[in-house]
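Me: I have a model open and want to go through it region by region. Can you take questions as I go?

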Amino acid sequence: MNHEPYDTLAATYAVGALDGQERVDFERHLAAGCDVCEATLRESAEALATLARSRPPVIPPPTVKDELMRRIAATTPARRGGSRPRPLVWAVGTVVATIAAAGFTGTYVATRYEAKLGVMARESAALRARVEREEAALREQVAVYRNAADLLRDPQAQVVTLRGLGPSPEATGRVIWHPVNGGYVFVANLPAAPPGKAYEMWTIGDSAPRPAGLFQVDASGRAAHRIAPMEGGKPVKVFAVTLETEAGVQQPQGPMVLASAK
Ligand SMILES: [Zn+2]
């Protein structure tokens with residue numbers, strides 16, 4: 001349908017001078033959602049707000065008002081009962097209308113976009129949290145590889161191969177080991193531990209196996225895990241990985257999935 005009548009109504013409505021059936025019609029049109037009229041109201045409110053802020057306020061001399069009243073009297077036809085002299089309403093009501101229009105437009109726009117802004121805020125917060133988690137994980141990974149590379153530069157470091165056993169014969173592993181600094185185990189092709197379970201690392205010297213921490217593998221079956229050095233830099237004869245409860249155990253109980261050759 002033709003939008004032109006609403007252009008005038010929007011401008012009139014913006015200064016608070018629309019009433020009667022026209023006001024009802026326009027508000028119904030607005031409630032149905034109209035970007036054009038919304039823009040008009042927003043612009044009008046901004047213009048009026050700018051006008052209200054401008055200094056100094058312009059106060060017309062009394063003669064202007066007298067002249068205005070004279071012209072209104074001369075041009076307004078005989079009124080039907082109950083209708084008001086609209087031009088006078090326009091002139092007198094401008095200051096009040098400025099406040100009313102600014103308030104109305106602000107409330108309308110706020111209500112309309114509040115939900116959208118809320119959704120956007122929640123989405124961006126979730127995204128930021130995810131990026132931070134991923135960044136932390138990447139930093140950790142980089143630190144592991146940097147430390148492992150540093151270890152490899154030390155002539156005392158050794159690389160030990162682990163072979164898959166029992167339930168995961170295709171699993172492979174390498175330990176980069178330094179007797180004083182400890183080292184890292186890198187595993188691949190290890191299936192994800194069942195719920196409630198975790199892989200536990202063991203270093204075995206002359207005495208009982210020593211627990212050396214728990215780890216999980218990623219979606220591709222890989223893991224990198226830090227191994228603390230033995231007390232007093234004692235040598236490790238065997239590195240092994242078993243499948244245990246996720247809380248870990250002090251002595252190996254579950255099946256051995258990786259071990260170094262003796
Ligand atoms: Zn419209």
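Reply: What follows covers the overall layout, a metal site, a pocket, some aromatic rings and a few single residues.

Me: Before that, what kind of model is it, and how are things counted?

Reply: The model is predicted, so local features need pLDDT of at least 70 and side-chain atom pairs count only at pLDDT 80 or more, while totals for chains, interfaces and linings use all residues. Residues are numbered from 1 along each chain as its sequence is written, and side-chain values use heavy atoms, with hydrogens and water left out.

Me: How many helices and strands does the protein have?

Reply: Five helices and eight strands. Helices (H or I, at least four residues) and strands (E, at least two) are DSSP runs, numbered from the N terminus. The order from the N terminus is α-α-α-α-α-β-β-β-β-β-β-β-β.

Me: And what share of the residues is buried?

Reply: Of the 262 residues, 28% count as buried. Buried means under 20% relative accessible area, exposed over 50%, and partly exposed in between, with a 1.4 Å probe and protein chains only.

Me: On to the metal. Which residues are the protein donors of the zinc ion?

Reply: His3 and His29 through NE2, and Cys34 and Cys37 through SG, lying 2.0 to 2.3 Å from the zinc ion. Donors are N, O and S atoms within 2.8 Å of the metal (3.2 Å for Na, K and Ca); water is not among the atoms, so sites may look incomplete.

Me: What is the geometry of the site?

Reply: Tetrahedral, with angles of 98 to 121 degrees among the four donor atoms. Four donors count as tetrahedral if all angles lie between 85 and 135 degrees. The ideal angle for four tetrahedral donors is 109.5 degrees.

Me: What spacing do the donors follow along the chain?

Reply: H-x25-H-x4-C-x2-C. Histidine 3 lies in the segment before α1 (4–14) and cysteine 34 in the loop between α2 (20–31) and α3 (35–53), so this pair ties together parts that are 31 residues apart in sequence.

Me: Are those two buried or partly exposed?

Reply: Histidine 3 is partly exposed at a relative accessible area of 22%, whereas cysteine 34 is buried at 8%.

Me: While I'm at α1, which of its residues are buried?

Reply: Tyr6, Leu9, Ala10, Thr12, Tyr13 and Ala14. Just after α1, glycine 16 takes a positive phi of about 75 degrees.

Me: Next, the second largest pocket. What is its volume?

Reply: About 450 Å³. A pocket is an open set of points on a 1 Å grid over the protein atoms alone, where a 1.4 Å probe fits, with protein on both sides within 12 Å along at least five of seven lines; lining residues have an atom within 4 Å of a point. The volume is the space filled by probe spheres set on the points, which are joined across faces, edges and corners.

Me: What lines the second largest pocket?

Reply: It is lined by 19 residues, and Gln141, Tyr145, Arg222, Ala223 and Ala224 lie nearest its centre. α5 (86–153), β2 (172–178), β3 (182–188) and β6 (223–227) each supply at least two lining residues, and α5 gives the most, with five.

Me: How does the lining of that pocket divide by residue type?

Reply: Nine nonpolar, five polar and five charged. Ala, Val, Leu, Ile, Met, Phe, Trp, Tyr, Cys and Pro count as nonpolar, Asp, Glu, Lys and Arg as charged, and the others, Gly among them, as polar.

Me: How many aromatic pairs are there?

Reply: Five. Rings of Phe, Tyr and Trp (its six-membered ring) pair if their centres lie within 6.5 Å; planes under 30 degrees apart count as stacked, over 60 as edge-to-face and the rest as tilted. One of the pairs, tyrosine 145 with phenylalanine 186, is stacked at 5.7 Å centre to centre and 10 degrees between the planes. Tyrosine 145 lies in helix α5 and phenylalanine 186 in strand β3, so the pair ties together parts that are 41 residues apart in sequence. The rings of tyrosine 184 and phenylalanine 186 are tilted, because their centres are 6.3 Å apart and their planes at 35 degrees.

Me: Which residues make up the cluster?

Reply: Tyr145, Tyr184 and Phe186 form one aromatic cluster. Tyrosine 145 is partly exposed at 44% relative accessibility, phenylalanine 186 is buried at 18% and tyrosine 184 is buried at 6%.

Me: Last one: what is the phi of asparagine 189?

Reply: Positive, about 60 degrees, although asparagine 189 is not a glycine. Most residues other than glycine have a negative phi. Asparagine 189 sits in the loop between β3 and β4 (197–204) and is partly exposed at 45%.

Technical notes:
Tetrahedral: all angles 85-135°; square planar, octahedral: opposite > 155°, others 65-115°.
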